[in-house]
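Please look over the two chains below before reading on. The report then walks through them.

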Amino acid sequence: MTQNSELLPGTLDLLVLRTLMREPMHGYGIAQRVKELSKDVLQVGESSLYPSLQRLLLDGCVKAEWGVSDNNRRARYYTLTAAGRRRLEAEEQEFERVVTAIRAVLRYA
Amino acid sequence: MMDTPARFLRRLRHWLRFSARQDDIRDEIEFHTAMVERELLDRGYSPNSARYEARRRMGNATMMREDARAVWITTKLEAVMQDVKYAVRALRRTPALTAGIMITFALGIGVYSAAFSMIDRLMFRPPPSLIDPSSVHRVRFYRNNNERGEQETWVPHIRYAEIASSIARFSNVAAFASQPIAIGKGVAIRRVNAAEVTPSFFGFFDATPAAGRYFIDGENLTPAGTPVVVLSHAMWTSEYGASRTALGQQLTVGGVDHTIIGVAPKHFVGVTPDQPPAIFIPLASYGAMRAPVRWYTSYGNGIGIQVLVRRKPDVSIDAADAELSFAFNRSWRTEMEQRRGAGGTAPPNMKLRAIASPLLADRGPRRSATGTMALWLSGVSLIVLVIACANVANLLLARAWDRRREMAVRVALGVGRARLISQLLVESLALAIGGGAVGLLVGQVVNTLVRSSLLPDAASTSILGDARTILIAAAATLTIGLIAGLAPLLQAGRVDPMEFLRSGRSQAGSARSVVRSTLLITQVTLSVALLVGAGLFVRSWQHARGVRLGFEPDAVLSVSMSFGVPLDSASVVSLRERLVATAKTMPEVTHATLRESIPFGGMSGYPLRIAGIDSVDALGRFDMNAVGADYFTTVGTRIVRGRGIDAGDVNGAAPVAVVSAAMAERVWPGKDAIGQCMVVDETPGCRQVVGIAEDIKTLGLAGEQEYYYYLPSLQFRPQEGGIFVRTRGDAPRYAESVRRALQGEMPANSYVTVAPLSDGIARRRRSWDAGAKIFTALGALCAILSAVGLYSLLANDVARRRRELGVRIALGANAGRVASRVAMRGLVLTSVGAALGCAIAVASARWVGPLLFQQSPRDPIVYGAVVAVVLVVALAASFVPALRAASADPRVALQDE
């Protein structure tokens with residue numbers, strides 16, 4: 001088993017939203033994509049992925065629709081909404097700010 | 001995060017499609033699992049291990065689903081829902097205890113809601129559709145001539161008319177009577193509750209007729225009004241199928257044809273909710289039937305009415321009283337002038353006053369026996385509620401003890417105290433609500449029972465259909481649910497997890513035991529107090545039944561005649577004779593006779609003069625009955641000496657009289673009354689006493705000696721009164737057949753009414769009858785509740801000390817001793833409660849005494865019997881726990897370690 005890094009708190013929503021930027025995806029796809037892009041460093045646990053999706057649904061950042069997956073199974077696809085885009089932008093800026101701050105500390109402390 | 005409106009809407013939409021969303025999440029996770037599984041297969045896992053590994057990686061699917069779903073629930077709501085679910089699960093685990101608690105709640109709430117519904121209708125709830133009830137009053141009139149103190153007095157119509165025309169502080173005045181009246185004709189004739197009212201009566205209400213119209217002033221004029229009738233909605237529905245064609249039809253009321261002109265709206269009962277009228281007729285029509293001309297001309301011999309007023313908005317009650325009293329006094333002076341003009345004398349020093357009293361009769365200064373009993377019932381029901389509450393608290397404590405380990409584990413696992421408390425509260429409320437719901441059903445049953453014994457005349461009411469009662473029941477439910485839930489809460493707050501987890505045993509049971517013992521003693525105390533009340537009422541009832549009346553009412557029917565069109569005297573005399581003759585031909589009738597007055601139905605008195613005595617009145621009150629031959633056999637009054645009235649005592653024969661034994665002794669002490677002479681009323685000449693009859697009661701069951709004499713009906717007012725019929729056995733069974741037979745003899749527009757002679761006496765006994773029933777039923781109920789409480793306390797105790805008892809028995813303790821110690825504890829607790837209960841009963845004797853009949857409220861026999869019964873019940877309740885203690889098995893107890 002590979003060693004997985006824990007996600008920084010609050011970054012899960014950011015990753016999910018960012019993944020959905022390109023195209024609508026189902027939950028499994030989101031988890032796979034995050035894993036691939038991070039070269040297996042980041043793993044999105046199912047137990048936090050689905051609550052996160054429900055939260056985003058509640059906040060109106062994503063929409064969910066049933067569709068057909070690549071292998072012809074019924075899957076639930078999530079699409080980013082306009083509100084989701086705004087949220088993503090805000091979260092990205094916030095993330096940058098935090099990361100910059102952390103780097104600054106690491107560099108000069 | 002606070003919900004924005006859009007967020008809230010999304011949340012709402014989610015809940016509206018709850019089950020669909022549940023499926024969504026489940027399907028989604030299933031899809032995910034399947035994908036993981038396929039991925040593993042691709043990587044070379046065997047199908048079985050792929051499936052296993054996929055499931056393992058997904059972890060607890062239920063939890064995930066719950067978490068995902070939880071997003072949509074606000075946290076507090078979620079917690080409560082969890083508590084409710086948990087509570088239901090926990091309660092289902094102990095069905096017997098749960099049932100016990102719910103039944104206790106149900107009984108407490110049931111009795112309470114029935115009592116509330118009753119007292120509410122008698123005293124608080126204004127009649128339906130009455131406009132601004134707080135400004136409406138029933139006027140009560142009092143006179144005081146210093147001799148007998150202030151007394152309420154009846155009001156003739158002429159007095160009402162004089163007062164109504166001279167008062168200015170009221171916006172509406174009405175007169176009404178609520179006398180039952182016969183409707184229909186021939187054999188189909190029957191008596192119904194009726195309201196005889198002035199047209200202004202309807203102005204007090206916001207009640208548009210359901211059909212037609214009410215009568216108007218022009219239909220209520222002297223001398224006889226117009227024969228029109230307004231039907232109640234119920235009557236219209238049951239007799240005319242709620243058809244508009246009823247309007248214009250004729251209905252015979254009191255022997256006179258009345259035209260139906262309207263229908264009152266549904267639920268309209270005037271001001272007598274306890275006797276809902278079936279018909280409304282003009283007061284003038286009623287007066288003309290009951291007492292032609294006299295009804296509006298006579299101050300002393302007309303019809304009695306009640307007066308209803310509405311205060312103008314700015315008039316205080318004091319101002320209203322003042323004006324009413326002034327008008328009353330003025331009317332009185334007018335009457336006195338009229339009397340002096342006719343050569344009479346006016347009573348001196350008469351003080352008069354009139355007051356605007358509450359509308360509902362039972363709230364007024366003169367409460368009926370029913371009202372008093374209803375008050376008692378509601379007081380007792382409160383006690384039952386307290387006992388139920390104590391019992392539930394006791395059972396919940398027992399339950400909390402059984403679950404101490406569970407609680408300790410939960411505390412150890414980090415469940416907050418607040419959460420634990422809310423959990424327990426939710427449980428006790430769930431029990432209360434379940435019990436309360438059943439309680440409403442119980443209330444409906446109790447209500448029916450109580451009404452049939454206390455208010456036999458009133459239309460039945462529904463508890464389940466009454467928002468006010470349900471609201472009160474709900475409030476009571478929540479209150480006792482919270483209070484009873486508090487007891488284990490105090491306990492729960494103090495749970496020390498280590499105590500249980502260390503040894504699995506609680507050593508700290510004594511504090512709880514004190515609480516439970518106190519609750520139990522409270523229950524026993526109140527139960528004993530109630531049972532003493534029950535005993536006293538049962539004894540009163542026995543005394544009341546045992547009173548020697550001097551006649552045997554159970555087999556006798558009283559027949560009265562009513563004439564729509566007045567008959568001349570001679571016709572009435574022969575009609576009465578015919579009725580007696582007809583009754584005698586019936587196989588179910590053994591005797592029949594003429595009678596003028598009815599014992600317990602109002603007696604007649606006439607001026608009496610006896611040679612050698614200045615004023616017979618000074619000796620006491622002498623009442624009279626004018627009777628036919630066979631009278632004494634018919635009613636079962638014994639002739640002590642001489643003879644009764646017989647067939648030979650006709651008009652023209654020598655005038656005779658029979659006197660009661662007490663009267664003979666009072667009027668002619670030391671002499672033989674037979675052969676003495678008395679002069680009755682205006683009839684001149686000597687009336688010879690020919691017989692002495694045993695004493696009878698005609699006014700009340702208790703009270704002073706009554707003096708009584710009998711004259712032959714044919715020699716004294718032969719046209720007045722009805723007949724008595726003696727049947728073979730139980731009179732009420734034959735009432736209808738006798739009525740039918742006699743009605744056949746009646747001329748057109750006239751009718752007979754037949755009532756058991758025992759009715760009047762039953763009314764006098766009703767308060768003791770009802771008191772005995774209420775107190776016995778509720779006292780027994782409370783005793784049972786207390787027994788359940790005692791049983792649970794002891795059983796719990798034994799369970800807790802099982803190890804200790806087992807060890808003792810293993811060490812050679814006598815099993816019988818162990819058992820008797822447990823039973824002793826039950827008896828000691830009960831005795832303390834019983835002593836307190838008796839103390840309470842003795843202390844309240846002052847208030848109970850006046851309600852009893854020839855019964856001391858401190859009767860040691862009653863107290864002794866109650867204590868004995870309670871101790872026996874306590875012993876029975878202790879029996880099983882004691883047995884269990886004696887058979888405590890040390891092995892089982894020690895294995896628990």
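What follows is a short report on each chain and on the contact between them.

## Basis

This is a predicted model, in which local features need pLDDT of at least 70, side-chain atom pairs count only at pLDDT 80 or more, and totals for chains, interfaces and linings use all residues. Residues are numbered from 1 along each chain as its sequence is written, while chains are lettered from A and ligands numbered from 1 in the order in which they are written.

## Chain A

Chain A has 4 helices and 3 strands. Here helices (H or I, at least four residues) and strands (E, at least two) are DSSP runs, numbered from the N terminus. Along the sequence the pattern is α-β-α-α-β-β-α.

Confidence comes as pLDDT, the predictor's confidence in each residue, from 0 to 100. The mean pLDDT of chain A is 83, and 90% of its residues reach 70 or more. Within chain A, confidence is highest in β1(A), at 90, and lowest in helix α3 (residues 46–59), at a mean of 82. Where pLDDT is low, the predicted coordinates should not be read in detail.

Chain A contains 109 residues, and 29% of them are buried. A residue is buried if 20 or more other C-beta atoms lie within 10 Å of its own, exposed if 12 or fewer, and partly exposed in between, with C-beta atoms placed from the backbone. Of the contacts in chain A between residues at least 6 apart in sequence, 51% join residues at least 24 apart. Two residues are in contact if their C-beta atoms, placed from the backbone, lie within 7 Å.

The strands of chain A form an open sheet of 3 strands, ordered β1-β3-β2, with antiparallel pairing. Its edge strands are β1 (25–26) and β2 (62–68) of chain A, and each pairs on one side only. Two strands pair if DSSP finds at least two bridges between them.

How many bridges join β1(A) to β3(A)? There are 2, and the strands run antiparallel. One residue pair here is A:His26 with its bridge partner A:Tyr77 in β3(A). The hairpin of β2(A) and β3(A) has 5 residues between the strands.

Helix α2 (residues 27–37) of chain A has buried residues, including A:Tyr28, A:Ile30 and A:Val34. A:Lys39 follows α2(A).

## Where the chains meet

In the contact between the chains, 19 residues of chain B touch 16 residues of chain A. On the chain B side, α1 (5–16), α2 (18–42) and α4 (61–70) each supply at least two residues. Helix α2(B) gives the most, with 8 residues. By class, this side of chain B has 11 nonpolar, 2 polar and 6 charged residues. Ala, Val, Leu, Ile, Met, Phe, Trp, Tyr, Cys and Pro count as nonpolar, Asp, Glu, Lys and Arg as charged, and the others, Gly among them, as polar.

## Chain B

Chain B has 27 helices and 25 strands. Of its 897 residues, 42% count as buried. Among contacts in chain B with a separation of 6 or more, 82% come from residues 24 or more positions apart.

Helix α6 (residues 95–124) of chain B is largely enclosed by the rest of the structure, because 22 of its 30 residues are buried.

B:Val309 lies in strand β13 (residues 304–311) of chain B. Is B:Val309 buried or exposed? B:Val309 is buried, because 26 other C-beta atoms lie within 10 Å. Beyond four places away in sequence, B:Val309 touches B:His137, B:Val139, B:Phe170, B:Val173 and B:Ala356. The C-alpha atoms of B:Val309 and B:Phe204 are separated by 8.7 Å, though the residues are 105 apart along the chain.

## Backbone points

Most residues other than glycine have a negative phi, and most peptide bonds are trans.

| Residue | Phi |
|---|---|
| A:Lys39 | near 50° |
| A:Asn72 | near 65° |
| B:Ala242 | about 55° |
| B:Val293 | near 65° |

B:Ala242 is in the loop between α8 (233–240) and β10 (250–253) of chain B. B:Val293 lies in the loop between α9 (283–290) and α10 (294–297) of chain B. A cis peptide bond joins B:Thr222 and B:Pro223, with omega about 5°. B:Pro223 sits in the loop between β8 (211–212) and β9 (228–231) of chain B.
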